[in-house]
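Here is a short report on one predicted protein model.

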Amino acid sequence: MAVTAEPKLDAHRLRRDFAVFDELVNGKPVAFLDSAASTQKPRQVLDAMRDFYEHSYANVHRGVYRLAERATAGYEGGRAKVAGFLNAPSEREVIFTRGATEALNLVAYAWGLDNLGPGDVVVVTDLEHHSSFVPWQYVAGRTGAAFRAIPIDESGELDLSALEEIERAGRVKILASNYVSNTLGTVNPVQQLGSWAHERGAIMVVDAAQAAPHRQVDVQALDCDFLAVSAHKMCGPTGVGALWGRRELLEEMAPFNLGGEMIRSVSMERTTWNELPYKFEAGTPAIAEAVGFGAAVDYVSGVGLEAIERHERELVEYTLGQLAELPWVETYGPSPERRAGIVSLNVEGVHPHDVAQLLDWEGVAVRAGHHCTQPLMTKLGVAATVRASFYLYSVPGEVDRLVAGLHKAKKSLG
Ligand SMILES: Cc1ncc(COP(=O)(O)O)c(C=O)c1O
């Protein structure tokens with residue numbers, strides 16, 4: 001009988017790529033459990049950026065000299081890697097942005113302002129990050145469209161039965177959803193939501209900022225229309241992300257920012273736009289960061305998305321198992337097999353910020369707050385949570401240190 005091995009990663013070995021794990025915080029090695037906010041960077045990504053700056057740097061696209069050609073090749077090479085990573089049908093459909101926030105704003109402004117009006121409905125979810133909630137709320141307000149959110153159920157999963165009621169508000173034109181919730185880790189049925197949207201002639205926008213680093217994301221399999229990702233959440237640098245969009249839609253859309261590479265010709269009478277993807281890349285882009293993004297794609301792909309997903313699931317199972325033993329800890333969100341590597345919790349009688357402060361004294365880095373999901377906090381009936389989030393370099397020993405720190409917080413502050 002053929003035995004297929006489950007993909008597995010060796011987090012202890014991978015940690016050697018990250019110099020930060022040699023750092024001491026308050027005299028202790030750092031237990032970095034804040035990867036949902038931003039991930040640490042391996043030397044492979046840092047080396048690629050340093051090498052680019054030292055040997056190939058110039059501004060892109062405009063120069064005819066050799067260095068500019070090398071710089072352009074590096075920048076466009078980053079795009080090709082991101083396109084491959086997302087299984088985009090064409091590199092031209094991949095637009096570099098400053099991050100997922102700018103990618104989502106691009107769609108809201110450049111598509112939303114010209115395509116929405118009174119009688120239309122914009123649908124988001126209660127799980128949205130502000131970067132996927134507020135642009136649509138704002139553009140719906142500007143255009144007179146209705147704005148609705150798919151609610152969550154008890155376990156923090158989307159309650160799709162509400163779609164029937166939502167649809168009664170008018171013509172659904174857009175459905176915007178995160179693939180993975182940055183607060184609860186919920187993995188949302190974006191493919192199903194996309195089919196529902198398409199059946200109504202609407203478009204589907206996926207915020208994959210928390211998905212692409214942790215599981216395979218394939219824009220063709222998802223059959224969505226736009227998808228946003230961010231480099232800094234997947235071992236890449238800050239200041240760069242990408243929007244993938246369906247070519248027909250991108251071609252029709254007006255530009256978002258004006259100036260620089262997005263221009264084809266300018267006269268007093270008229271200005272025309274460059275072709276895709278440059279039409280949406282105004283000004284000098286984040287060049288070395290695009291190279292770093294490509295290196296991050298190589299690194300994460302080399303480890304393997306399936307192995308990363310599995311590793312994080314094991315860590316979540318382990319964490320939730322430990323926390324279930326503590327009646328004074330409340331956790332939020334679905335069961336481990338239905339979420340990514342994120343655990344939100346609260347300690348009875350202790351403010352989340354105090355919990356995070358005490359954990360910091362123990363060298364454990366977690367986030368406390370609303371995690372840019374205030375509508376979700378309202379639904380959960382809390383002002384804030386403590387969030388521990390994992391990545392390919394996270395190890396069970398860090399979970400043990402988290403749990404020990406929670407005991408200390410309860411004992412000294414609760
Ligand atoms: C689900 C989600 N969407 C969007 C963003 C914003 O991403 P960026 O920092 O690239 O703008 C984040 C970052 O926390 C996020 O978690």
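## Helix packing and a ligand site

Start with two helices. Helix α3 covers residues 66-85, and helix α10 covers residues 287-303. Their axes come within 8 Å and cross at roughly 40 degrees. Angles under 35 degrees count as roughly parallel, and 65 to 115 as roughly perpendicular. The angle therefore makes α3 oblique to α10. The crossing of α3 and α10 is left-handed.

Which residues of α3 and α10 meet? On the α3 side they are Ala 71, Gly 74, Tyr 75, Gly 78, Lys 81, Val 82 and Phe 85. On the α10 side they are Ile 287, Ala 290, Val 291, Phe 293, Gly 294, Val 297, Asp 298, Val 300 and Ser 301. Sorted by class, this contact has 10 nonpolar, four polar and two charged residues.

Now take a second pair. Helix α11 spans residues 305-324, and helix α14 spans residues 396-413. The axes of α11 and α14 come within 10 Å, crossing at roughly 25 degrees. That angle makes α11 roughly parallel to α14. The crossing of α11 and α14 is right-handed.

From α11, the contact uses Leu 315, Tyr 318, Thr 319, Gln 322 and Leu 323. From α14, it uses Pro 396, Val 399, Asp 400, Leu 402, Val 403 and Leu 406. By class, the contact of α11 with α14 has eight nonpolar, two polar and one charged residues.

Next comes the ligand. Which residues surround the ligand? They are Gly 99, Ala 100, Thr 101, His 129, Ser 131, Asn 182, Asp 207, Ala 209, Gln 210, Ser 230, His 232 and Lys 233.

Finally, look at Trp 361. This residue sits in helix α12, which covers residues 352-361. What does Trp 361 touch, leaving aside its neighbours within four places in sequence? Trp 361 is in contact with Asn 26 and Lys 28. How many residues separate Trp 361 from Arg 247 in sequence? They are 114 residues apart in sequence. In space, Trp 361 and Arg 247 are 50 Å apart, C-alpha to C-alpha.

Notes:
Residues numbered from 1 in each chain as written. Predicted model: local features only at pLDDT ≥ 70, side-chain atom pairs only at ≥ 80, totals over all residues. Heavy atoms only, no water. Axes fitted to C-alpha atoms, helices over the stretch in contact; angles between N-to-C directions. Helix = DSSP H or I, 4+ residues; strand = E, 2+ residues; numbered from the N terminus. Parallel < 35°, antiparallel > 145°, perpendicular 65-115°, else oblique. Left-handed = near helix turned anticlockwise from the far one by under 90°. Contact = heavy atoms within 4.5 Å. Nonpolar A, V, L, I, M, F, W, Y, C, P; charged D, E, K, R; others polar. Near = heavy atom within 4 Å.
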